[in-house]
Amino acid sequence: QEYREREYYLKMQVVAGGEGDDQGTPLYKLNARLVARFATRVALHSLVDELQENIAAAAQSSDGGGSSVDEETRQKAAQWLLHFSNEWLPRLRKGADDAKRRGMGTPPPGQWQRLCDGADAEDVTEALWQELPQLFAEVNEETKTLYAPEALSARLRGARADVCDMLAEELRVLMANEFS
């Protein structure tokens, strides 16, 4: 009897979002979206900084040989990503308007659309893949592998994972200090 009561209360805690596996609760989903938006904002900043540092380093070490990526394309790619970042950072701060999204419905697969003024992390990654700027239409393959939106999106995902790792480590240290 005691065992059945314990099992019942454990199930109720999970359903109510108490102790235990709370991944299905609204609070867990909200927290996950907030962390993803924060990590994407930080990752966008670091990616823009990385591109600008690469341009500065390439300008200092330009010896006329080596890479076939021209300086003008590098600068345009960095300017495009900076403009993209300036457009999407305020949307990430605001967050997605879920009620408006539900009212508009889901776009068909492969047909992305801007649904509201706010955005989630997935919206930014999808927009980065979808918005191929004209400057990449006639560049060589090396340039595309380094600076095309697909490459930048992959680098953004990597930077976002790095930010999440840093946050997790910071949280581990905080918790260790708090409970030791």
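Me: Which residue forms a salt bridge with Arg155?

Reply: This is a predicted model, in which local features need pLDDT of at least 70, side-chain atom pairs count only at pLDDT 80 or more, and totals for chains, interfaces and linings use all residues. Residues are numbered from 1 along each chain as its sequence is written, and side-chain values use heavy atoms, with hydrogens and water left out. A salt bridge requires a side-chain nitrogen of Lys or Arg within 4 Å of a carboxyl oxygen of Asp or Glu. For Arg155, the closest N and O atoms are 2.6 Å apart, and the partner is Glu50.

Me: How many residues apart are Arg155 and Glu50, and which helices hold them?

Reply: Helices are DSSP runs (H or I, at least four residues), numbered from the N terminus. The pair links distant parts of the chain, with Arg155 in helix 7 and Glu50 in helix 2 (residues 26-60). The separation is 105 residues.

Me: Is Arg91, which meets Glu87 in a salt bridge, buried or exposed?

Reply: The N to O distance between Arg91 and Glu87 is 3.8 Å, and both residues lie in helix 3 (residues 71-94), four residues apart, about one turn of the helix. Buried means under 20% relative accessible area, exposed over 50%, and partly exposed in between (1.4 Å probe, protein chains only). Glu87 is partly exposed at 24%. Arg91 has a relative accessibility of 17%, and therefore counts as buried.

Me: Why are Arg172 and Glu169 separated by about one helical turn, and what is the N to O distance of their salt bridge?

Reply: Arg172 and Glu169 are separated by about one helical turn because they are three residues apart in helix 7. Arg172 is exposed, at 52% relative accessible area, whereas Glu169 is partly exposed, at 39%. Their side chains meet in a salt bridge with an N to O distance of 3.3 Å.

Me: What is the area of the nonpolar surface patch that includes Leu174?

Reply: Patches are made of residues with over 30% relative accessible area and no salt bridge; like charges are joined within 9 Å, and nonpolar side chains (Val, Leu, Ile, Met, Phe, Trp, Tyr) within 5 Å. Leu174 is found in helix 7 (residues 149-179) and is exposed, with a relative accessible area of 52%. Accessible areas come from the Shrake-Rupley method with a 1.4 Å probe, and for residues only the protein chains shown count as cover. Leu171, Leu174, Met175 and Phe179 make a patch of about 450 Å².

Methods: Helices (H or I, at least four residues) and strands (E, at least two) are DSSP runs, numbered from the N terminus.
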